[in-house]
Amino acid sequence: MFTHTHALQYEAKPDGPDPDFARKMQEILGGQWGEMTVATQYLLQGWNCRLPGKYKDMLLAIGTEELAHVEMIVTMIDRLLDHAPLKPDAADRTKEAAAGYGQHNPQHLIANGQGASYIDAMGNPWTGAYVTASGNLMADFMYNATAEMQGRLQVSRLYNMTDDPGVKDMLRFLITRDHMHQQQWLAATEELKSDGIEGIPVPEAFPLEEEVGDLGYTFIDASDGPEASAGRWASGPSVDGRSEFRARPIEATADAPILPPGDPRLFSTPQMPGQSLLQKAKDMLK
């Protein structure tokens, strides 16, 4: 069950209109790493979670908070669109209208009546394909940390694209919450390990004896760059604590593939020599 409170989690009020920046803010609303993605992703992970208790409750709590951020960003975009010019010549008449006619998103006015939409800054629609909910908490929490990192990166870039004090104030709040949420997901991955629920590699339950040789701990150097093997990933204890990392050059271990001629009814190249298409088909059906 959901309820809604009209009061915002944090103020979303610019000092003045700016339809150009309203368009830019669409990225953190309806882009791949925007608030619509993380809100629906965390909620879906929580609703699907088959493990009752703290992990499920945490997912639903943060997903609901992210819905509050969706509303804040929508509100900010709407307010940035106040006094948006309807025609090019109107952009020269008032200070408010001069906020950027040429760079505004016309859909804000035509399709949404001076409002936000679930699209990115280029007008591409938000899609549920951005949402990941695998059912494996370790895999999902790792991906959630990435989502928060990408989100904080984009909001930080937007912060440096505006001089509006009101906009910057709300962006500071979002940046701060993304800081916490990055730590939250990384802490949750450590808690999964300490609780003995999930570990590395994902899925931990797949039997390691089914893996091929020592390739689970071998960095394969397939570059002519001289330092590809110079990092932590190529030597020393493995991250899962079960072995040692090593490195070796890439090598071929199988013969070059030679494929037989394809089904002649598909007109592939090459065809079998010395036969008509009809005969080829008859021979294959024998």
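I started with the crossing of α4 past α6, which is left-handed (the near helix is turned anticlockwise from the far one by less than a right angle; clockwise would be right-handed). I'm working on a predicted model, where local features need pLDDT of at least 70, side-chain atom pairs count only at pLDDT 80 or more, and totals for chains, interfaces and linings use all residues. Residues are numbered from 1 along each chain as its sequence is written, and side-chain values use heavy atoms, without hydrogens and water.

Helices here are DSSP runs (H or I, at least four residues), numbered from the N terminus. The axes of α4 (residues 54–80) and α6 (residues 137–159) come within 13 Å and cross at roughly 25 degrees, so α4 is roughly parallel to α6 (under 35 degrees; over 145 is roughly antiparallel). Axes are lines fitted to C-alpha atoms over the stretch in contact, with angles from 0 to 180 degrees between N-to-C directions.

For contacts (heavy atoms within 4.5 Å), I noted Tyr55, Met58, Leu59, Ile62 and Glu66 of α4 against Leu137, Phe141, Asn144 and Glu148 of α6.

Next, the site. UniProt's unreviewed entry lists Glu35 and His69 under "binding site"; such annotations may be inferred rather than shown by experiment.

Glu35 sits in α3 (residues 35–48). I checked α3 against α6: the axes come within 11 Å and cross at roughly 165 degrees, which means roughly antiparallel. This crossing is left-handed.

Technical notes
Helix = DSSP H or I, 4+ residues; strand = E, 2+ residues; numbered from the N terminus. Parallel < 35°, antiparallel > 145°, perpendicular 65-115°, else oblique.
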